[in-house]
Number of protein chains: 2
Amino acid sequence: MKFGGTSVADLERIRRVARLVGREVEAGHQVAVVVSAMAGKTNELVAWTDGAGAAGQGLPTSDDEYDVVVASGEQVTAGLLAMTLRNMGVRARSWLGWQIPIIADDAHGRSRIEDIPPEKLGGAIDSGEVAVVAGFQGVTRDGRLATLGRGGSDTSAVAVAAALNAERCDIYTDVDGVYTTDPRIEAKAKKLAKVSYEEMLEMASLGAKVLQTRSVELAMAYHVPVRVLSSFVEPGKAAADGGESAGTIVCDEEEIVEKRIVSGVAYSRDEAKISLFGLPDHPGVSSEIFGALADANVNVDMIVQSHSRRADTANMEFTVGKRDAARAMEIVRQVQQKIGFQGATVDEDVAKVSVIGVGMRSHAGVAKTMFGALAEKGVNIQVISTSEIKISVLIDAAYTELAVRALHAAYGLDKL
Amino acid sequence: MKFGGTSVADLERIRRVARLVGREVEAGHQVAVVVSAMAGKTNELVAWTDGAGAAGQGLPTSDDEYDVVVASGEQVTAGLLAMTLRNMGVRARSWLGWQIPIIADDAHGRSRIEDIPPEKLGGAIDSGEVAVVAGFQGVTRDGRLATLGRGGSDTSAVAVAAALNAERCDIYTDVDGVYTTDPRIEAKAKKLAKVSYEEMLEMASLGAKVLQTRSVELAMAYHVPVRVLSSFVEPGKAAADGGESAGTIVCDEEEIVEKRIVSGVAYSRDEAKISLFGLPDHPGVSSEIFGALADANVNVDMIVQSHSRRADTANMEFTVGKRDAARAMEIVRQVQQKIGFQGATVDEDVAKVSVIGVGMRSHAGVAKTMFGALAEKGVNIQVISTSEIKISVLIDAAYTELAVRALHAAYGLDKL
């Protein structure tokens with residue numbers, strides 16, 4: 001069981017979490033609980049580290065010390081939940097990353113879990129104790145604290161579940177499952193009973209902030225079924241049906257009997273489009289541009305290139321994260337000085353809308369349905385990109401909601 | 001160097017501390033810094049643990065989990081100070097109790113340090129790095145966090161200094177040294193350049209809250225010279241004279257050349273007096289009363305017994321901490337039921353005033369001077385107790401300031 005920051009935001013909510021844990025214990029399950037910092041605490045700690053860094057004079061960053069400060073938030077929650085469980089008569093103890101240990105690499109602030117020896121934690125659980133694990137944190141092989149980056153507690157939970165060979169990893173959050181699309185945009189959005197790891201990965205990377213991408217990768221690698229459900233559901237209700245019907249199960253594709261061609265419609269407004277005009281039409285131009293962007297650590301997402309028929313030149317469009325747009329334009333100007341092209345513009349007023357579904361692999365016509373539905377609503381497609389289980393289009397941001405609703409209907413997702 | 005909560009209360013003060021540390025490094029010293037939690041943070045954490053415990057149903061307390069929660073405060077400060085030092089160009093890293101390790105017993109919440117293997121910490125310092133140590137915390141032999149109780153960071157600092165065989169342990173606090181008496185009561189109070197461990201112990205236990213008693217015991221056992229000084233002094237000023245003249249040095253008696261008969265006048269309003277009348281005058285009565293109090297964990301301080309001439313009975317007076325007064329009276333009533341005596345009263349309106357000095361050992365007449373000075377001002381003495389280097393009297397609380405000033409003058413402390 002994993003509980004995020006809003007689920008443990010204060011003592012009252014921690015008691016609620018303890019009751020949910022207590023129900024699982026009563027139902028005869030062995031339980032490890034992974035907790036985040038109380039909502040707001042990580043921000044407070046990060047702000048302090050920013051302040052401590054503000055005295056800086058261009059010296060190397062202190063990511064290892066950042067981790068020392070920030071990891072304290074989860075420690076507090078783990079201790080408080082263990083106390084609360086005991087006070088409810090449930091045997092429990094807290095486990096910090098270094099105590100288990102959750103061994104992580106030394107990429108401080110965005111560390112990755114390398115290993116979790118299951119002996120200590122498993123031994124405690126086998127003795128009948130609930131293990132309350134501080135999420136988001138690990139320890140490097142040389143004994144320093146390391147944190148996993150924002151949302152890292154999801155990854156902690158899946159990794160602990162994998163190490164313990166757990167039957168399931170339940171991620172309690174502030175939504176009650178994974179939906180066919182954002183219910184704030186399309187009221188007819190339906191909750192999915194099951195979704196495959198691959199689909200969830202695409203959804204996560206497309207901005208559906210239900211699970212951290214890394215946690216889904218890990219679940220896929222170790223075949224850990226992950227259930228996403230709300231921590232604000234009544235404990236009694238969740239327990240009544242064994243919790244099986246609550247939330248959404250993220251699992252292997254093979255375990256999903258009724259396969260859908262399209263499982264969901266996602267969107268993201270986090271990208272900006274950069275357009276280059278009148279590029280010299282010879283080999284090496286693309287590698288010049290994208291090489292320079294890669295050197296500057298700017299991730300490029302969608303790319304399309306077209307030839308101008310009149311002149312012997314090419315045009316190019318690509319998208320980068322909005323945060324990187326200004327830096328990307330600087331680099332583009334530098335490349336322009338070097339190789340010479342007509343001009344470049346940036347457009348932040350774009351949205352990426354995607355349809356996702358493992359059924360696409362074996363089913364033609366998905367793209368046709370998508371383009372048809374968008375054309376019918378007068379939505380102009382600027383850029384297209386595809387993967388095996390996803391088709392994404394870049395459109396004018398003003399049309400985002402319209403496009404999402406049109407696609408949701410076109411694939412019959414409102415009739416699941 | 002040890003800095004308490006008010007000295008690291010916010011980022012601005014942490015930068016101030018970093019500058020003080022930087023000066024010591026520039027002066028060519030190797031430095032370990034022990035820090036407390038930012039002022040207020042420990043209270044916040046303790047309040048949460050109280051809340052988590054409030055759900056209780058009479059189950060065993062969770063002192064081990066209390067320690068998990070509360071120890072996080074020092075962790076935050078240690079990380080922030082290490083970051084700040086680095087940003088000032090000073091090589092530094094934080095050390096948590098378990099990383100050193102500071103091995104402590106499992107009396108959670110009031111644990112005592114058992115051992116500090118000096119290898120890791122000393123190695124880091126020898127490499128030219130400032131070691132920033134989280135105070136107040138240790139780790140038990142089975143790998144759980146343990147905290148040392150309120151004010152425990154003083155003890156951490158002295159223990160680290162002892163383990164490293166440090167030249168000196170500088171305790172930075174919000175006062176600039178140890179005074180002959182409380183300057184808020186007697187403006188003529190003088191700062192002592194040196195004071196012996198024994199005297200400091202008596203002062204600490206008598207309510208002069210400069211150092212935690214345990215830290216002084218430890219300093220005495222390992223002969224660690226402790227300097228008490230203000231963290232609010234200008235860094236330049238402290239460095240100008242090598243810091244030698246700043247603050248008060250607490251050290252072995254032998255190192256104090258100019259011995260004074262009396263070094264200070266201390267007072268405490270934390271005690272209550274309990275009086276018993278008409279006790280049966282036969283052996284075993286005292287042990288009945290004080291045995292019952294000891295069983296209930298009530299500490300008794302001053303005791304005086306007197307015989308009534310007319311009846312064959314005795315009277316008895318003793319003092320307990322004000323917090324324990326109600327409980328002590330309950331116990332006294334129970335004993336009264338059992339052995340039978342006339343009555344008992346409690347008086348919370350008392351103060352204990354003490355004169356302290358190692359010179360008393362070899363010098364008669366100290367008591368005479370004390371009683372004479374008090375009599376001259378019309379201060380009635382209710383109870384007297386003495387140790388080798390201390391004489392304490394219990395008086396009406398209303399006379400506290402008058403008594404302190406009279407004694408301060410009587411021993412010439414205002415003329416040091």
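The relation between the two copies is considered first. Two copies of a chain are related by a rotation about an axis and a shift along it. In this predicted model, chain A is superposed on chain B by a rotation of 180 degrees, with 0.0 Å of shift along the axis and an RMSD of 0.1 Å. That is the relation of a two-fold axis. The residue of chain A that comes closest to this rotation axis is A:Ser72, whose C-alpha lies at 2.6 Å from the axis.

The contact between the chains involves 34 residues of chain A and 34 residues of chain B. On the side of chain A that touches chain B, at least two residues are supplied by each of the helices α1 (11-26), α2 (41-54), α3 (63-70) and α4 (72-87). Among these helices, α4(A) gives the most to that side, with eleven residues. When the residues of this side are sorted by class, 16 are nonpolar, 15 are polar and three are charged. Because 100% of the interface residues of chain A are also interface residues in chain B, the copies meet through the same surface.

When residues up to four places away in sequence are not counted, A:Leu81 touches A:Val8, A:Ile14, A:Val17, A:Ala18, A:Val33, A:Val35 and A:Val132.

Within chain A, the domain assignment gives domain 1 (2-255) and domain 2 (259-416). The C-alpha centres of these two domains of chain A lie 33 Å apart, and 18 residues of domain 1 are in contact with 20 residues of domain 2. On the side of domain 1 of chain A that touches domain 2, the elements that give two or more residues are the strand β10 (194-196) and the helix α7 (197-205). The largest share of that side, four residues, comes from α7(A). By class, the side of domain 1 of chain A that touches domain 2 has seven nonpolar, four polar and seven charged residues.

Terms used:
Residues are numbered from 1 along each chain as its sequence is written. Chains are lettered from A and ligands numbered from 1 in the order in which they are written. This is a predicted model: local features need pLDDT of at least 70, side-chain atom pairs count only at pLDDT 80 or more; totals for chains, interfaces and linings use all residues. Copies are superposed by least squares on the C-alpha atoms of residues with pLDDT of at least 70 in both. Two residues are in contact if their C-beta atoms, placed from the backbone, lie within 7 Å. Ala, Val, Leu, Ile, Met, Phe, Trp, Tyr, Cys and Pro count as nonpolar, Asp, Glu, Lys and Arg as charged, and the others, Gly among them, as polar. Domain bounds come from an automatic or database domain assignment.
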